[in-house]
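Take a look first, and then we'll go through the backbone, the helices and the core.

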Amino acid sequence: CDEESGMECMEYYKEHAEVPKYGLVPDADFPATYGEKGGLHVLLEGKADTKIVSMEAGTRPNIVIGKVDLFLNEWNEDLQQQFDFYLKSNQLQGSANKEGELVRLHIDGAFAHAAEPYKGVNAALHLLNFVGVALDDAFARNTYEMLCDWQGKPLGIDQYGAYMGFLTMNTGIISLKEDGSCTITIDIRYPNEADVNEIMSKFEKVCAERHYDLHAVMESDSKPLFVDPNSTLITRLMDVYRQYSGDHFSPAKTLGGGTYARKLENFVAFGPEFPNSEKTTDAFVGGPHQRDEGVKIEDLIKATAIYAAALEALAIIAYNPRATRPEIEAIRGVNSDGTIYKLLEYGLIEEAGKADLPGRPTTYKTTQEFLKMFGYTDLNKLPELPRYKLDSNRQIVIDDLIETEVPMPSEREEVKENQE
């Protein structure tokens, strides 16, 4: 089970592996994503009193139904003319063909992701609209009128969130059997202000008012992910992104879709797709969720640099209390003035006195805000680092890890202090 069908793989991961205290999910766009809409799946279930013999449309709730077949046992020349007119007036492609005693109606719409249903054309709803009017079918007409609007206005569930924008609704699966048993699966993406219980009560209310054949059931609900866009985590990620990308225009954002970040605490989606990356028409790969999905090598390298810088400085100071600026720069290999300044500004580190070294350089240590942000009670709870050797070029010798305990820099300082 993957990200597109429930993310149950993440539950397995959390049960069988050590869960990180914080992290980044490279499963969206840059810059930082501070919010993801909630995901609600509503089922309309029951027995349908309809002239439709059978109808199977859609395979996943999170995809706009792009094509559909529907079977009827009633057809004539007048209905054919009405169907042709409906297709033409709605700029659709379709067909009606005799198959034994039945007639198969087919319409091609346009597939789209449920996070942006307005970019697609729901072929199933179009067929229900036609059948409801042309054959005076109450079930088909009610279904279309209730579900036709991507904001859910006929149901009274439409709303606009201050951070996440519009609630969106997509009819993703319709299964109508010959015995009349019917299930319709609806995918709703809602902003963090929305009340799921209120959404469900409005479904039930409209179904009752219309004497609708089906009843509403909540199949699943994935709560929204929301991190304060002014928080230290988001502002730090934005600073790193701007430093490496040169993009000082694109703001932090929210998503209609969901990423693995919502399954873990202190996680946010961060890249790797760049908002201003040039897409050439002759590219042999597609973008996210498209055929032959791929990424430019230069974009991948730039994204990797951003991820590394976002975590690097904090890790150095956390594992080396009372580290000096030269020591931090020696480990990072780059000037760290800007990084240290920002960490001080955000209250994640603070000055810890002067080192007993030439020039008396300032030392730094992490703060309680750092511990609080990443879910630790003290620095002793940090994961242990592997012990390693360095070669003549000061590169880690992966195949020659040191088994004997070697004091970390902070431990050596404590031993020295105790000896004194």
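Where is Gln91 found? Gln91 sits in the loop between H2 and strand S7 (93-99). Before going further, keep in mind that this is a predicted model.

Gln91 has a phi near 55 degrees, which is a positive value in a residue other than glycine. With 76% relative accessibility, Gln91 counts as exposed. His211 is another such case: its phi is positive, about 55 degrees, although His211 is not a glycine. You'll find His211 in the loop between helix H5 (196-209) and strand S13 (214-222), and at 69% relative accessibility it counts as exposed.

Then there are the cis peptide bonds. One joins Phe30 and Pro31, with omega at about -10 degrees. Pro31 belongs to the loop between strand S2 (28-29) and strand S3 (32-36). Another cis peptide bond joins Gly271 and Pro272, where omega is about 10 degrees. Pro272 has its place in strand S17 (residues 272-273).

**The whole chain**

Zooming out, the protein has 420 residues, and 44% of them count as buried. If you look at contacts between residues at least 6 apart in sequence, 68% of them join residues at least 24 apart.

Two packed helices are described by the angle between their axes and the distance between the axes. Here are those values for two pairs.

| Helix pair | Axis distance | Axis angle |
|---|---|---|
| H3 (residues 123-134) and H4 (residues 138-147) | within 7 Å | roughly 135 degrees |
| H2 (residues 77-89) and H3 | 11 Å | about 140 degrees |

Take H2 with H3, whose axes are 11 Å apart at about 140 degrees. That angle makes H2 oblique to H3, and the crossing of H2 and H3 is right-handed. On the H2 side the contact is made by Leu79, Gln82, Phe83 and Tyr86, and on the H3 side by His126, Leu127, Asn129, Phe130 and Ala134. Sorted by class, this contact has 6 nonpolar, 3 polar and no charged residues.

Now for H3 and H4, with axes that come within 7 Å and cross at roughly 135 degrees. H3 and H4 are therefore oblique to each other, and H3 passes H4 in a left-handed crossing. H3 brings Leu125, Leu128, Asn129, Val131 and Gly132 to the contact, while H4 brings Ala140, Arg141, Thr143, Tyr144 and Leu147. By class, the contact of H3 with H4 has 6 nonpolar, 3 polar and 1 charged residues.

In soluble globular proteins, nonpolar side chains tend to be buried together. In this model, the largest nonpolar core has 53 residues, and those with the most contacts inside it are Leu44, Met55, Ile188 and Phe203. Which helix gives the most to this core? H3 does, with 8 residues. Apart from this core lies another one, of 34 residues, including Leu24, Ala32, Ile306 and Tyr364.

**Around Ile188**

Setting aside neighbours within four places in sequence, Ile188 is in contact with Gly38, Gly39, Leu40, Val42, Ile157, Leu167, Thr168, Met169, Ile199 and Phe203. Two of those partners, Gly38 and Thr168, come next.

Is Gly38 buried or exposed? At 0% relative accessibility, Gly38 counts as buried, and it is found in strand S4 (residues 38-47). Neighbours within four places aside, its contacts are Ile188, Arg189, Tyr190, Ser222, Lys223, Pro224 and Arg262. Gly38 and Asp221 are 183 residues apart in sequence, yet 7.3 Å apart in space, C-alpha to C-alpha.

Thr168 lies in strand S11 (residues 168-176). Its relative accessibility is 2%, so Thr168 counts as buried. Again leaving out neighbours within four places in sequence, Thr168 is in contact with Lys37, Ala114, Ala115, Pro117, Trp150, Asp187, Ile188 and Arg189.

Notes
Residues are numbered from 1 along each chain as its sequence is written. This is a predicted model: local features need pLDDT of at least 70, side-chain atom pairs count only at pLDDT 80 or more; totals for chains, interfaces and linings use all residues. Side-chain values use heavy atoms; hydrogens and water are left out. Helices (H or I, at least four residues) and strands (E, at least two) are DSSP runs, numbered from the N terminus. Buried means under 20% relative accessible area, exposed over 50%, partly exposed in between (1.4 Å probe, protein chains only). Contact means heavy atoms within 4.5 Å. Axes are lines fitted to C-alpha atoms, for helices over the stretch in contact, and angles run from 0 to 180 degrees between N-to-C directions. Angles under 35 degrees count as roughly parallel, over 145 as roughly antiparallel, 65 to 115 as roughly perpendicular and the rest as oblique. A crossing is left-handed if the near helix is turned anticlockwise from the far one by less than a right angle, and right-handed if clockwise. Ala, Val, Leu, Ile, Met, Phe, Trp, Tyr, Cys and Pro count as nonpolar, Asp, Glu, Lys and Arg as charged, and the others, Gly among them, as polar. A nonpolar core is a set of buried Ala, Val, Leu, Ile, Met, Phe, Trp, Tyr and Cys residues joined through side-chain atoms within 4.5 Å.
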